Amino acid sequence: MTYATQQLTQALQELTSNAPAFQASRIGRPTETVDPQTFEFSAEIETFLESKRAYSERTRDVSFGSY
Amino acid sequence: MDFRGAPGTVVDWHDTRVEAKFSNFLFVDQSYRSHPVLRRILSLARKHDYKSLLVEEIREGDCALLAEENAALAIRCPGFQGGTAHRLSFWRCPPGAPADPQDFIGYAVFKMDQLDANAAPEGHVYEAVLPPIRLTEHNNYIHCIRGYTVRTDAGPQAASGVLYAQQNVQTFVCAHVALRTALACLLPDGDITYSRMNALAGIDHVTKTVERGLDPVAMEAILTGVGIHYEKIVHEPQHALNLPTEFQRDLYGFIESGDPALLGFALDDANPGPQGPSRHIVPIIGHTFNDDAWVPEAQRAYFGNQLSYFSSESWLSSYVLHDDNFGPYYCLPRHFLKKDNFRLILGMRRHPVMVSATEVEAVALDFLRAVAIQHPKLGQTWYDRFSIFARSGLLVLRSMLIEKKSYLDHLSAARTRDGVAVEADWVSELEKALPERFWMIEASAQELFTVSRRKFGEILLDCSKPLPKPLDPSPLLAMRLPGMLWHSEAGQLKMRTSAQQGHTPIYSALKP
């Protein structure tokens, strides 16, 4: 079993043993406004997107070979 | 007048049943110079249980397209003597018997060109439309199928499939026929002529020919000329252009949204010319799916894949393609074509899209993880399971471009196992707020996705604008998770609870 799978198994087991009570009170609660600033994007994703953008830009006008 | 609409003169109507001792091999050997692609097409007709084969001759005077093709060849090849065409149609009824609509399987046009008085004629399958053998119930997903009307001696017939075509080397090459297949899926007329493509690419067969093939600039000129949007993915290591990602992820991003893509690659050439190894390009029109695939788990556990989610592409087992050299509806195993050989993807889009599938999937992952971190537990089993999978980096994500109407139909029909629908007023809100099309990224977990074909929910992201830099939540349109609904309104994010607290079916554009 991999580390990630072990973590998942443990978390799912905890969820089962703590058998969450159905929180009927949550249903029908008014709509909440969420501050967009609370979303933090990972640096890893920003780096990935930047590398995609940069490569796309570099290859936009190239034309090599024929088919 | 094209080959589908032209009147034909009946040459023969063969009984092709095995008990009538009809041999596909013998027929192709005797009548069509042992042409291998025609043999492949007849074998597909056999798989469709064909019982007869109608052969009609199409004459130049009855078919403007045939005249146009012959005229182009006469310019390109000074010794050209003429070209003839046969339309072969495949039937599930015996020769001449009254045909029910479902008896018509499809057709192929075989063209013979006498390029020189002293040479043997050159044959090729000018076009063919047959339905694929395997469909959704066989885990084959081909989104580009279209319907055509074919004139026959027995009256007009309906054929459906993805148009296949083969190059003639002289006036159109592999890039033309790959483009023709892809454009046939997208253009309102369901087809395009080679003369139009050549005009758009500036090829007149005198000052500019297709002797060396078409270069990407010419292919892009054709796409732009017919108003088709596309994305280009390039990998040219000899020119220091190394694609930083895995090309199969990009390819899947087009196919899963129901759009075709062209896949270009370099051949393994022992003696390449000064231009480098020869290249070939094929249209990708669908994919197969294997819910027991070992790869997704193994890739992460054993082979160092650092992705913190599973892309649904991991369960793709083969791409479905036409190869003009071999015939229609072949399967390309996902890992067969290596990045060393890969050179080009031209992924078609029905509408302009400013963000790619791989980009939105990464953004969706971050959104989903952020929600799971902010709301680790709601005390609802399926939300809490979602949260655990998201925080463990084990979500399955599936991205596709979707039209608003298709999404709202999907949303309205979605039920949990207990039969609970999402709140109708939320559907109405989305109907007012959503743009005409957008990215939908479905979030699921392994067995939930692969076997049950269900999901925790989905996140909708804008496709009309490039992603903001640095990234912020503005691309988010809406998000549905068990017991929780989000949408964007005047730059603010709104969250509400929902009585729909279980998993619901994944989206399917194709019904089994």
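This is a predicted model: local features need pLDDT of at least 70, side-chain atom pairs count only at pLDDT 80 or more; totals for chains, interfaces and linings use all residues.
Biologist: Let's start with chain A. How do you know what its confidence is, and where is it lowest and highest?

Modeller: pLDDT is the predictor's confidence in each residue, from 0 to 100. Chain A averages 82, and 84% of its residues score at least 70. The lowest confidence in the chain is in helix α1 (residues 3–17) of chain A, with a mean of 80, and the highest is in helix α2 (residues 43–59) of chain A, at 93.

Biologist: And what makes up the secondary structure of chain A?

Modeller: Two helices and one strand, in the pattern α-β-α along the sequence. Of the 67 residues in chain A, 10% are buried.

Biologist: Is B:Val169 buried, exposed or partly exposed?

Modeller: Burial takes 20 or more neighbours, exposure 12 or fewer, and partly exposed is in between. B:Val169 has 16 C-beta neighbours inside 10 Å, so it counts as partly exposed. Its phi is positive too, near 75 degrees, and its place is the loop between β8 (157–161) and α4 (174–186) of chain B.

Biologist: What makes the bond between B:Lys469 and B:Pro470 a cis peptide bond?

Modeller: Its omega, which is about 0 degrees. B:Pro470 lies in the loop between β19 (457–461) and β20 (476–481) of chain B.

Biologist: Why is helix α7 of chain B described as largely enclosed?

Modeller: Because eight of the nine residues of α7 (residues 247–255) are buried. Among them are B:Phe247, B:Leu251, B:Phe254 and B:Ile255, along with the polar B:Gln248 and B:Asp250.

Biologist: What makes strand β10 of chain B largely enclosed as well?

Modeller: Six of the six residues of β10 (residues 261–266) are buried, so the rest of the structure largely encloses the strand. B:Ala261, B:Leu263 and B:Phe265 point one way, while B:Leu262, B:Gly264 and B:Ala266 point the other way.

Biologist: How do you know which strands β10(B) pairs with?

Modeller: Two strands pair if there are at least two bridges between them. Six bridges join β10(B) to β11 (residues 279–289) of chain B, in the antiparallel sense, and there B:Gly264 has B:Ile281 as its bridge partner. Five bridges join β10(B) to β15 (residues 342–349) of chain B, also antiparallel, with B:Phe265 opposite B:Phe342. Both bridge counts therefore meet the requirement of at least two.

Biologist: Which residues touch the most other members of the largest nonpolar core?

Modeller: B:Ile41 and B:Ala261, in a core of 93 residues. Its largest share, 10 residues, comes from α4(B). Apart from this core lies another, of 59 residues, including B:Phe367 and B:Val422.

Biologist: How do you know that B:Ala261 is in contact with B:Leu251?

Modeller: Contact requires C-beta atoms within 7 Å. Beyond its neighbours within four places in sequence, B:Ala261 has contacts that include B:Leu251, B:Phe254 and B:Ile255, and also B:Ile345 and B:Met348.

Biologist: Last one: where are the domains of chain B?

Modeller: The domain assignment gives domain 1 (1–134) and domain 2 (357–505). The C-alpha centres of these two domains lie 50 Å apart.

Definitions and conventions
Residues are numbered from 1 along each chain as its sequence is written. Chains are lettered from A and ligands numbered from 1 in the order in which they are written. Domain bounds come from an automatic or database domain assignment. Helices (H or I, at least four residues) and strands (E, at least two) are DSSP runs, numbered from the N terminus. A nonpolar core is a set of buried Ala, Val, Leu, Ile, Met, Phe, Trp, Tyr and Cys residues joined through C-beta atoms within 7 Å. Two residues are in contact if their C-beta atoms, placed from the backbone, lie within 7 Å.
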